[in-house]
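User: I would like to learn how to read the features of a protein model. Please guide me through this one step by step.

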Amino acid sequence: MIFDGLSAVGDDLILRISILYKADNNPNKVDLGVGVYKDADGYTAILKSVKEAEQFLVNNQQSKGYLSPAGNPEFNKAVEELLFGKDHPVVKQGRVATMQAPGGTGSIRIGADFLKISHPDATVWISNPTWPNHFAITDMVGLKSKSYRYYDIKEGQFLFLEMLEDLKAAKEGDVVIVHGCCHNASGADLSNDQWDQLADFMAERKLVPFIDIAYQGFANGVEEDAYAVRMMAEKLPELLIASSYSKNFAMYRDRAGAIAVVSPTAQANEINASHMLKIIRSIYSMPPDHGAAVVAHILKDDSLRKQWYQEVDDMRGRVKKMRLLFVKKMTEKAPNSGFDYIVDQNGMFSFLTLLPEQIQTLINDYSIFMMANGRVNMAGLTENNIDYVTDSIASLFKA
Ligand code: LMR
């Protein structure tokens, strides 16, 4: 017998929150768990640009025949430009291959499988804290991993010097996963100066960046948020970039993502691309097209592209507004609560500097759902629930 020896593994830490939230009967319940944008009514709506592009596809798409393991070529071209900008040297030199993959997770998985082939002895360095799937994916493909200090949850502080200190232990050819913007889970990002320093540090030590960029547009803007990708691709000879279009196109379930590999030469690039294609073919043959076809259409149509930029600006603006409002209300309701750092953080996530038992009280007694380590999705806050949330948190400081 081979199927009776396993013991069950726990649910995914993030996806489990949605299950608990759905099962809860409290009419005031609030979901600050999974990283999904919600509008002012607490709803994850389909973007107008996406609806229009979908309508265009309904009217005009002529075939659903197979594409290729690399997926939708127009999507690959369009997202490559979104990541690298127009006329980036690595693109002109033929040193980059960008391939559609199923969402951010699928893209990271293809990148990790590729590392397992190209440099199986590499240690993958992962920020502490991080998105739990980084460890899950490296473990699944059988790569070694270590963590580097990145953010002090208790103090609400970004640890740039500690990050560099820990990475001094990395060996030539080791891979460092960095969050291109909107660090998941802390919301604490490197400044452009710090990105430059990190790139020099990695170039000197011959480390390979693996940039996970799932929130392009949610920090400072679509172009601004590509700084790390564009600069690192200039300064370092080789890197991997896993990008997701789940968040910035609000197409979570359509799984549009891409893995890009930058190689030292055009010749190496062709060889590396061939390995990626082989990996893809053996896992899912080719990615699902719909989400990618929508993204491709929006990005190539001037007016839809403009509309999408506006929609990303609106999403970013609303989350920033909620960050400000949260801190303002907490300062009024519990002056010593110390959440000021949240205003300067980026993207959907921040940690609440609360004790584990306080977090459990919020979840169990107030039905405010978040990760057990205090990671909250700021996009889950609305004008309607912010008083309930801030009153509940403030009550912890009065007890
Ligand atoms: C999150 O971190 O909540 C999101 O990236 C969703 C996910 O797949 O975990």
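User: Which residues have the most contacts inside the largest nonpolar core?

Analyst: A nonpolar core is a set of buried Ala, Val, Leu, Ile, Met, Phe, Trp, Tyr and Cys residues joined through side-chain atoms within 4.5 Å. Buried means under 20% relative accessible area, exposed means over 50%, and partly exposed lies in between (1.4 Å probe, protein chains only). Here the largest nonpolar core has 134 residues, and those with the most contacts inside it are Phe84, Leu198, Met232, Ile241, Tyr245 and Phe326. Helix α12 (residues 302-333) gives the most to this core, with ten residues. At least three residues of this core come from each of domain 1 (13-45 + 316-395) and domain 2 (66-300); the domain bounds come from an automatic or database domain assignment.

User: What should I know about the model itself before reading further?

Analyst: The model is predicted: local features need pLDDT of at least 70, side-chain atom pairs count only at pLDDT 80 or more, and totals for chains, interfaces and linings use all residues. Residues are numbered from 1 along each chain as its sequence is written, and side-chain values use heavy atoms, with hydrogens and water left out.

User: How many helices and strands does the protein have?

Analyst: Helices (H or I, at least four residues) and strands (E, at least two) are DSSP runs, numbered from the N terminus. The protein has 14 helices and 13 strands. Of its 399 residues, 56% count as buried.

User: What does Ile241 touch?

Analyst: Contact means heavy atoms within 4.5 Å. Not counting residues up to four places away in sequence, Ile241 touches Leu83, Phe84, Ile211, Ile213, Val229, Ala258, Ile259, Ala260 and Val262. For the protein, among contacts between residues at least 6 apart in sequence, 74% join residues at least 24 apart.

User: Is Arg230 buried or exposed?

Analyst: Arg230 counts as buried because its relative accessibility is 18%. Arg230 belongs to helix α9 (residues 227-235). Leaving aside neighbours within four places in sequence, its contacts are Glu81, Leu82, Leu83, Phe84, Gly85, His88 and Glu223.

User: How many salt bridges does a search of the whole structure find?

Analyst: Side chains of opposite charge can pair when their charged atoms come close. A salt bridge is a side-chain nitrogen of Lys or Arg within 4 Å of a carboxyl oxygen of Asp or Glu. The search of the whole structure finds 14 salt bridges. One of them joins the side chains of Asp31 and Lys38 (3.5 Å, N to O). Asp31 counts as buried, at 9% relative accessibility, and Lys38 also counts as buried, at 12%.

User: Where do the partners Arg149 and Asp166 lie?

Analyst: The side chains of Arg149 and Asp166 meet in a salt bridge (2.9 Å, N to O). Arg149 is in strand β4 (residues 144-149) and Asp166 in helix α7 (residues 160-167), so the pair ties together parts that are 17 residues apart in sequence. Arg149 is partly exposed, at 38% relative accessibility, whereas Asp166 is buried, at 19%. Elsewhere, salt bridges that share partners join Lys329, Lys333, Asp387 and Asp391 into one network.

User: What are the spans of the C-alpha trace along its principal axes?

Analyst: Along its principal axes, the C-alpha trace of the protein spans about 65 × 55 × 55 Å.
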